[in-house]
Amino acid sequence: LVAMSTTATTEQRKPRPLLALLGPGLLLAATGVGGGDLATASFVGDMLGTAVLWAALVAAFLKFVVTEGIARWQLATGDTVLEGVAHRFGRGVIGVFLLYLLLWTFFVGSAQMSANGATLHAAFPVFADARTGKIVFGIAASLGGVALVLWGGFRAFEIAMRVCIGTMFVMVIVAAIFFWPGTGAVLEGLFIPRIPRTDATAITWTVALIGGLGGTLTVLSYGYWMREVGRTGRENLAACRIDLGASYLITAIFGIAMMVVGRTIHVEGEGTGLLVSLSNQIGVVLGPVGKWIFLAGTFGTVFSSLLGVWQAVPYLFADSWRLLTTERGAPVAVDTKAWPYRGFLLVLAFVPMIGLFLSFREVQKLYTVIGAYIFPTLALALIVMNGRTAWVGAQLRNRWWTVLALAGVLVFFTWLAVANIETT
């Protein structure tokens with residue numbers, strides 16, 4: 001018995017493999033980087049070159065600050081952020097959030113289907129009209145995502161996401177190597193913040209990159225994936241920080257690489273024609289193999305984003321519905337086989353198909369505008385919730401630098417939300 005006890009203790013103390021630490025974080029990176037990020041980063045690179053590579057680092061840092069706060073709250077209390085808000089501020093806040101979620105869901109669903117449809121049409125141009133290809137392939141991608149989530153389970157979802165993010169990472173690394181502008185130019189762009197005045201919209205596009213890169217409402221999914229892999233308790237804070245650090249490093253690398261590509265390949269067109277134009281131009285420079293590597297990586301990027309949204313956003317609805325309709329109890333995992341989860345998944349996968357018949361550009365714009373409001377709200381909530389020693393304990397309470405960083409997120413994204421209102 002003593003020998004068995006000693007062996008068990010030794011096994012518990014063994015450092016966990018890095019891949020095990022990067023579970024939920026990889027899912028977050030794969031979900032948060034999508035077709036909109038690819039297009040925006042390419043546009044910014046085309047317009048401003050390597051001068052604003054620093055913006056990808058800023059975007060990743062801001063998202064890290066918020067998501068680390070979400071993880072810290074959950075490790076300290078056992079509650080998700082939504083559970084914490086309901087218990088501390090009342091169910092009315094959850095009711096408002098649910099209305100916001102329904103609106104956001106329509107536009108994010110449409111944007112995800114459109115991006116997948118455009119990518120698949122670029123790879124397989126079997127339709128003479130790009131708009132028709134976007135619609136047919138977009139519907140097919142949505143149905144494929146539903147099937148995998150409903151019948152594959154969390155394990156199959158994890159495997160699919162790892163494959164997708166692997167192809168995405170290979171694509172951006174290969175592209176960055178081929179279009180490398182020089183180490184000096186990259187280092188200058190990363191560590192000397194500036195915005196060239198080469199275009200009247202230079203500031204607007206730089207801010208759009210910072211605001212959009214890395215996802216919006218999907219950061220709340222991290223808490224549910226933590227539960228899926230059994231990551232609970234304060235002792236897991238270091239693992240979550242490593243996990244999230246790797247996640248947002250991948251996000252930053254993606255943004256930097258696509259700006260490097262955009263600097264060399266002039267981006268033409270918009271909407272469904274953008275990916276076709278970009279892949280064709282890469283094919284001219286790198287040949288057919290380079291074009292297919294780009295398209296495979298692009299599909300990995302957009303399908304992983306769709307799949308992550310399809311799997312995770314129903315968590316938010318199901319959790320909100322439970323908090324509104326049942327009495328407070330101990331924290332519980334979302335039942336992915338119950339009707340609130342599965343019903344909302346079907347709504348998410350089918351109702352936004354209407355958006356496929358609308359302008360891709362307008363859908364992406366409205367999705368970005370609506371998504372901008374969640375970050376200032378989350379930052380304010382985390383300043384308050386993680387600032388109370390009685391709620392999270394002295395060990396995991398906000399420190400002054402955390403409050404300062406969250407305040408920066410609050411100010412930046414509030415300004416971004418107001419600017420979006422003025423330009424809509």
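The largest share of the lining of the largest cavity, five residues, comes from helix α13. Before going further, note that this is a predicted model: local features need pLDDT of at least 70, side-chain atom pairs count only at pLDDT 80 or more, and totals for chains, interfaces and linings use all residues. Residues are numbered from 1 along each chain as its sequence is written, and side-chain values use heavy atoms, with hydrogens and water left out.

So what surrounds the largest cavity? Look for Met171, Val174, Ala175, Ile282, Leu286, Gly290, Ile293 and Phe294, which line it. Two helices, α8 (130-178) and α13 (272-325), each give at least two residues to that lining (helices are DSSP runs of H or I, at least four residues, numbered from the N terminus). The volume of the largest cavity is about 50 Å³. A cavity is a set of points on a 1 Å grid over the protein atoms alone where a 1.4 Å probe fits but cannot get out, and lining residues have an atom within 4 Å of a point. Volume is the space filled by probe spheres set on the points, which are joined across faces, edges and corners. By class, the lining of the largest cavity has seven nonpolar residues, one polar and no charged (Ala, Val, Leu, Ile, Met, Phe, Trp, Tyr, Cys and Pro count as nonpolar, Asp, Glu, Lys and Arg as charged, the others, Gly among them, as polar).

How many cavities of 30 Å³ or more does the structure hold? There are two. The second largest cavity has about 40 Å³ of space, and to find it you can pick out Ile70, Gln74, Thr80, Val81, Leu82, Leu220, Gly223 and Tyr224, which line it. Helices α5 (54-77), α6 (81-89) and α11 (221-228) each give two or more residues to this lining. Five of the lining residues of the second largest cavity are nonpolar, three are polar and none is charged.

Stay with α5 for a moment. The axes of α5 and helix α16 (residues 374-385) come within 10 Å and cross at roughly 45°, and the two helices are therefore oblique to each other. On the α5 side, the contact uses Lys63, Val66, Gly69, Ile70 and Trp73, and on the α16 side Phe375, Leu378, Leu382 and Met385 (contact means heavy atoms within 4.5 Å). Sorted by class, the contact of α5 with α16 has seven nonpolar residues, one polar and one charged. Ile70 of α5 takes part in this contact, and Ile70 is also on the lining of the second largest cavity.

Helix α16 turns up again at the second largest pocket, where α6, α7 (91-123) and α16 each supply at least two lining residues. This pocket has a volume of about 380 Å³. Of its 16 lining residues, Val85, Val93, Phe97, Ile374 and Thr377 lie nearest the centre. The lining of the second largest pocket is made of 15 nonpolar residues, one polar and no charged. A pocket is an open set of points with protein on both sides within 12 Å along at least five of seven lines.

Finally, take a look at another helix pair. The axes of α4 (residues 35-48) and α12 (residues 237-264) come within 7 Å and cross at roughly 50°. That makes α4 oblique to α12. Asp37, Leu38, Ala41, Ser42, Val44, Gly45 and Asp46 of α4 meet Phe254, Gly255, Met258, Met259, Gly262 and Arg263 of α12. Six residues of the contact of α4 with α12 are nonpolar, four are polar and three are charged. As for the angles, axes are lines fitted to C-alpha atoms, for helices over the stretch in contact, and angles run from 0 to 180 degrees between N-to-C directions; under 35 degrees counts as roughly parallel, over 145 as roughly antiparallel, 65 to 115 as roughly perpendicular and the rest as oblique.
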